Amino acid sequence: GINDSAGQPACIYLSRLYIQQELLEGAALLAIGKLDTTEFFDINDVANSEFDQFLSSALVNNPTIPFPEYGLGFIAQVRPLDSLYIQVGAADADARETTTGFNTAFHGGCNYLGLLEVGVLPEFLGRQGAYRVTAWYNRQPIERFDQRGSRRNTAGIALNFDQKLTDKLSIFGRYG
């Protein structure tokens, strides 16, 4: 996966359609509909766009989190402090970007990805930083790295940080 934006389907489709509402003067957020969970989870100021930062998804999103294609889901976030947020979300793990999502989200064996993320947004020496821990649970069968079949009901933890060092220099990292 060098350029994950190449080879998009040739048909016309609606990739995202969701409602997002801020509540309590921005201290809470809800989003529901056909969405991209990577726009809410595992975000990073330095490495978050395949269009203007990095071409490879291995640097844009943590490859150990089995993010599904754009599909039906929800996100709920609270910010008890300006420098702290907690969010949960769930998404259809069987989603197909070129369909509405109703054909996969509400069929027999409900496969979903559940996410919980806690983010701390401190200033370090007058420069903004972000440090995140994401826990995930996936019901969808996932192929094993050693090619010995697949596993269902997998879970994991991922770490993600970005820190500005100067106006033009930042560091970042991901681990899962």
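Buried means under 20% relative accessible area, exposed over 50%, and partly exposed in between. The model behind these exercises is predicted.

**Exercise 1.** Classify Asp-42 as buried or exposed, then find its salt-bridge partner.

*Solution.*
- Step 1. Asp-42 has a relative accessible area of 1%. The cut-off for buried is under 20%, so Asp-42 is buried.
- Step 2. The partner of Asp-42 is Arg-174, and the closest N and O atoms are 3.1 Å apart.
- Step 3. Arg-174 sits in strand S11 (residues 170-175), while Asp-42 sits in the loop between S2 and H1. The pair therefore ties together parts that are 132 residues apart in sequence.

**Exercise 2.** State which parts of the chain the salt bridge between Asp-162 and Arg-132 links, and classify both residues.

*Solution.*
- Step 1. The closest N and O atoms of Asp-162 and Arg-132 are 2.9 Å apart.
- Step 2. Asp-162 belongs to strand S10 (residues 154-164) and Arg-132 to strand S7 (residues 127-138). These distant parts of the chain are 30 residues apart.
- Step 3. Asp-162 has a relative accessible area of 6% and is buried. Arg-132, at 7%, is buried.

**Exercise 3.** Locate Glu-39 and Arg-16, which form a salt bridge, and classify each.

*Solution.*
- Step 1. Their closest N and O atoms are 2.7 Å apart.
- Step 2. Glu-39 lies in the loop between strand S2 (28-35) and helix H1 (57-60), and Arg-16 in the segment before strand S1 (17-23). So the pair ties together parts 23 residues apart in sequence.
- Step 3. Glu-39 is partly exposed at 34% relative accessibility. Arg-16 is partly exposed at 32%.

Conventions. Residues are numbered from 1 along each chain as its sequence is written. This is a predicted model: local features need pLDDT of at least 70, side-chain atom pairs count only at pLDDT 80 or more; totals for chains, interfaces and linings use all residues. Side-chain values use heavy atoms; hydrogens and water are left out. A salt bridge is a side-chain nitrogen of Lys or Arg within 4 Å of a carboxyl oxygen of Asp or Glu. Helices (H or I, at least four residues) and strands (E, at least two) are DSSP runs, numbered from the N terminus. Buried means under 20% relative accessible area, exposed over 50%, partly exposed in between (1.4 Å probe, protein chains only).
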